[in-house]
Number of protein chains: 2
Amino acid sequence: MTHNLENTMAVLERTPRALDALLWGLPDAWTKTNEGGATFTAQDVIAHLVHGERADWVARARMILEYGESKTFARFDRMGHVKESEGKSLGELLDEFARLRAANVVELRSWKLGKAELEKRGRHPGFGTVTLSELLATWAVHDMTHLHQISRILAHQYRELVGPWSVYLGVLQCQGHSAAPVELHSNG
Amino acid sequence: MTHNLENTMAVLERTPRALDALLWGLPDAWTKTNEGGATFTAQDVIAHLVHGERADWVARARMILEYGESKTFARFDRMGHVKESEGKSLGELLDEFARLRAANVVELRSWKLGKAELEKRGRHPGFGTVTLSELLATWAVHDMTHLHQISRILAHQYRELVGPWSVYLGVLQCQGHSAAPVELHSNG
């Protein structure tokens, strides 16, 4: 399968608007509740996405383009959003995510990446060699992982209220496939 | 847990806008592809949601309010959307879903349901006795089940492209928890 970068950017551009439409103004009973224990609230997920826009995707892409495999990516701080988002409202975080993402997509587009650039290699601290194409595809799928997680967090709040229908609702059977190490640390 | 109907309606009102923001204008490579076999495309999911607005939720709620347990719900036709949506574009289906949902929420709100009405009972063809509260809570969680499904369908298209990151992306581990019988037949 060939990586069509326009398709990737089509998802990257839409995620902030989709999350805004879903979460903006939604009562706290949905957005400030989690799945129990140390799991994320929907608001935590948005804070994590904001942190990724600042610290992860574009920074790593630039590193591949400038240094190739000669420099290893910094490890992504999995809880890096906690301090950064302190005191911010969900609305502020959604706006911040939209603004950062839009700027990042403009930058990505300005690079006018072709097939040769997409094949460029970088060095991931855990995986070793990765390509720019893989990094950018992961950026889009990472959005979907967190949309998937948010739909599950919201559904969880009504687990008891749906009565017998719970057996028919796929999202209520979802265990996250991961616990913290996978979904929260989705960039490695 | 008490059922707060305003919270339920807050989700019901937002789902069409969220799906529109995510899917409107997205390339066919995302929206007309599925997870293999007889699984749904994102467009199929929207058609299924449209059918539910016409044939399921409000019709069943009305039946509970008018007939209580003396009438059994009609079985929901799990593939009822196929004929109904033939020849329609994704954009048309998204608009139709938004229009029907808005009208249904207006109707739901006009009923001014209190605690007593929410406890009213109806008869489900599979489960037997259910309450109006359970039906309405399920309506909202059903939205989340399908948002969860759509995020998974989209992610699936990039399964090969993300390379080693696939192990870190929760959505790529999701099996749907269900296969067709659960997610596609989520109303029983």
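What relative accessibility does A:F127 have? The value is 26%, so A:F127 counts as partly exposed (buried is under 20% relative accessible area, exposed over 50%, partly exposed in between, using a 1.4 Å probe and protein chains only).

A quick note before the views: this is a predicted model, where local features need pLDDT of at least 70, side-chain atom pairs count only at pLDDT 80 or more, and totals for chains, interfaces and linings use all residues. Residues are numbered from 1 along each chain as its sequence is written, chains are lettered from A and ligands numbered from 1 in the order written, and side-chain values use heavy atoms, with hydrogens and water left out.

**View 1. Chain A and its helices and strands.** Chain A holds ten helices and two strands (DSSP runs numbered from the N terminus: helices are H or I with at least four residues, strands E with at least two). Walk along the sequence and you get α-α-α-α-α-α-α-β-β-α-α-α. The radius of gyration is 17 Å, close to the 16 Å that the globule rule gives for 188 residues, so chain A is as compact as a globular protein of that length (taken over C-alpha atoms; the rule is 2.2 Å times the number of residues to the power 0.38). Its C-alpha trace spans about 55 × 30 × 30 Å along the principal axes, and 56% of its 188 residues count as buried.

View 2. Over all chains, the structure holds eight aromatic pairs (rings of Phe, Tyr and Trp, the last by its six-membered ring, with centres within 6.5 Å; planes under 30 degrees apart are stacked, over 60 edge-to-face, the rest tilted). One of them is the tilted pair A:F127 and B:Y168, at 5.3 Å centre to centre and 45° between the planes. A:F127 sits in the loop between β1 (121-124) and β2 (128-131) of chain A, and B:Y168 in the loop between α8 (132-156) and α9 (170-173) of chain B, so this pair joins two chains. With a relative accessible area of 22%, B:Y168 is partly exposed.

**View 3. A ring pair inside chain B.** Here B:W30 and B:Y158 have ring centres 4.5 Å apart and planes at 40°, so they count as tilted. B:W30 belongs to helix α2 (residues 28-31) and B:Y158 to the loop between α8 and α9, so the pair ties together parts of chain B that are 128 residues apart in sequence. Both B:W30 and B:Y158 are buried.

**View 4. A cluster of rings.** Back to A:F127: ring pairs link A:F127, B:W165 and B:Y168 into a cluster.
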